[in-house]
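Thanks for coming. I will go through one protein chain today, and the sequence and model come up now.

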Amino acid sequence: MREGYMGPVLRIGDWIMGLTRDSRPRELMVEVTTSCNYQCIYCFRNNIMDEKLTHMMGPEIFEKVVENALEAGVEKISFSGWGEPLVNPYIIEFIKDAKESGFKVLLNTNGYYLDKYLDHIYRLGVDELVVSMDSDEDNIYRLLRRGGDLGRIVDALLKLKKYKIRDTSRVPDLWINFTLTKYNYKNIVPMIKLAEKLGARMLVVSNIIPLTRGMEKITCYADDECVGTIEKLKTMLATLSLTHNVVVSLPDIRLRTERRCPFVANKALYIRWDGRIAPCIYYAHHWRNYFMGIEREIYPVILGDLRRDRLIDIWRSHTYLRLRFMTEFNHMPSCLDCPVKNYCVLTRDNKADCWGNTPTCAHCPYSRNMTRCPL
C-alpha cells in the first residue's frame, strides 16, 4: 500500500491512482422492492429479463444495510429503485430505522399510497420527498402512468403542504419528477404552476429510456417540435423559476461532450432488494432498451453482497476502484455519438468497450444528463 492511499491502487501508463484514506460512500439508493402498483408505459420493469417483479426486501437485509452504512460513514439513504417503495409492507419500519440511525432520508414514490402513509412520513421527518407526476391533465397522466390517480396524489400533497405551513416546517423538501415524452411536453409550464400550488421546491424533467424501436418514436429527443420547445424553455428558466418559486431542471435534449455519472459524483451505490450491490440503478438488473437508434442488452454489474461482504470493503475493492476511475475521468469511448455505432457489436451491451473497459459505461444516458437519477 502506498503512502496516502487506502486499499488497492490503479496504474494507467505513468499514472498511479488510489483512494484517499477518507474515501467512503456518501449515499445509498436502496431498492426495497421490484414490485409496483403502476404499469407505466416506459418503465424499465417492462423489459426486465430472468427475474420476477414481486421481490421484497425483508428486515434482515435492511438491518445489514443500516449496519454497513453506519460502519462506512454513509450520510443519506434514498428509498428508490426498480419498484414502488410504498408497496413494501416494512417501508415505514425501514424509514424509522434509517432516521433513528441518523441518516438523511429521501423517499422516491409514484405517490399513489401517500394518503395512506403521509402522517408516518411527516412524523418520522423524511428529509426529501420525490413524487413522479408527468402531467397536470388526468387523461395524459393516466395514458403514461397506467393504474395511476392524479387527483389522489394532488390531495395528499396539498395535505402535506398544510402540515408544513401549520408547523412552519421545511421538511420533507418536495420535488416533482416529470418524465418527458412527445405526449406531455406541452404540460411542463402548467406543471410548474401545479408544483408551486403543491409547495414543491423543484421540478426535475427527464427523458425516457425507450424500451423498443417503436417507443423511441414517442421520445422528445426524436421529435423536432418537442426539441424546439425544450430549447426555448431553457431561455425562460430563470423567469419561470423566479415567478413561481420553483427550481426547474431540464435535461439535455441533444448530445453534449461533457459526461458526468450522477452515482459517482454523489459517491452513491445501489443496494438491490436481495442485498446485492450494483454501481447504479441502470446496471442493477438484466434488461433491454433501445436508445438513440441502438438496441442494447444491459447486464447487471454486481460488486458484492451485503449478506457476506462489508460495504466499505466493496467501496475500496480494485474492481470498483477501476470502474469509478473510468467513469469519473471519462476514460472510455463515447458510444452515443460514435460514427460507427450502427455497425459496432461492442455497443450492443455493457460488457466491454473498444478501449478495453469491462464493464463499460460508454453509452449511459444518465451521464449525458438526458435521463436523471433521483439522488
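Is Asp305 buried or exposed? At 3% relative accessibility, Asp305 counts as buried; buried means under 20% relative accessible area, exposed over 50%, and partly exposed in between, with a 1.4 Å probe and protein chains only. Asp305 forms a salt bridge with Arg308, with 3.6 Å between the closest N and O atoms. By salt bridge I mean a side-chain nitrogen of Lys or Arg within 4 Å of a carboxyl oxygen of Asp or Glu. Arg308, at 66% relative accessibility, counts as exposed.

Some conventions before going on. This is a predicted model, in which local features need pLDDT of at least 70 and side-chain atom pairs count only at pLDDT 80 or more, while totals for chains, interfaces and linings use all residues. Residues are numbered from 1 along each chain as its sequence is written, and side-chain values use heavy atoms, with hydrogens and water left out.

Now the overall picture. The protein chain has 10 helices and 16 strands; these are DSSP runs numbered from the N terminus, helices being H or I with at least four residues and strands E with at least two. For 375 residues, a compact globule would have a radius of gyration near 21 Å, and the protein chain has 21 Å, which agrees. That radius is taken over C-alpha atoms, and the globule rule is 2.2 Å times the number of residues to the power 0.38. Along the principal axes, the C-alpha atoms fill a box of roughly 55 × 50 × 40 Å. Of the 375 residues, 57% count as buried. Among contacts with a separation of 6 or more, 71% come from residues 24 or more positions apart, where contact means heavy atoms within 4.5 Å.

Next, the sheet. It is an open sheet of 10 strands with mixed pairing, in the order β11-β10-β9-β7-β6-β5-β3-β12-β13-β16. Two strands pair if DSSP finds at least two bridges between them. At the edges stand β11 (247–249) and β16 (304–305), each with a single partner strand, so one side of each has no neighbour in the sheet. Further in, β5 (residues 76–79) and β6 (residues 104–109) pair in the parallel sense over 4 bridges, with Ile77 opposite Val105 in β6. Helix α1 (residues 59–72) packs on the sheet and touches β3 (27–30), β5 and β12 (268–271); its direction makes about 175° with that of β3. Those axes are lines fitted to C-alpha atoms, for helices over the stretch in contact, and angles run from 0 to 180 degrees between N-to-C directions.

What about the nonpolar core? The term covers buried Ala, Val, Leu, Ile, Met, Phe, Trp, Tyr and Cys residues joined through side-chain atoms within 4.5 Å. The largest one has 122 residues, and Val30, Met57, Phe79, Met133, Leu157, Ile176 and Phe263 touch the most other members. Helix α5 (residues 150–167) contributes the most to this core, with 7 residues. A second, separate core has 5 residues, including Val130, Trp175, Met202 and Val204. Beyond its neighbours within four places in sequence, Val30 contacts several residues, among them Met57, Phe62, Val65, Phe79 and Ile271.

Back to charges. The count comes to 25 salt bridges. Glu27 and Lys76 form one of them, at 3.9 Å from N to O. Glu27 lies in strand β3 and Lys76 in strand β5, so the pair ties together parts 49 residues apart in sequence. Both ends are buried, Glu27 at 4% and Lys76 at 10% relative accessibility. The two also belong to a network of salt bridges that links Glu27, Lys76, Lys104 and Glu128. Another salt bridge joins Arg145 and Asp134, with closest N and O atoms 2.8 Å apart. Arg145 is buried at 7% relative accessible area, and Asp134 is buried at 0%.

Strand β14 (residues 287–291) has 4 of its 5 residues buried, so it is largely enclosed by the rest of the structure. β14 pairs with β15 (residues 294–298) in the antiparallel sense over 5 bridges, and Arg288 stands opposite Glu297 in β15. The two strands form a hairpin with 2 residues between them, and Met292 in the turn has a positive phi of about 55°. Thr347, in the segment after α10 (318–328), touches residues including Ile294 and Arg296. Thr347 is buried, with a relative accessible area of 2%.
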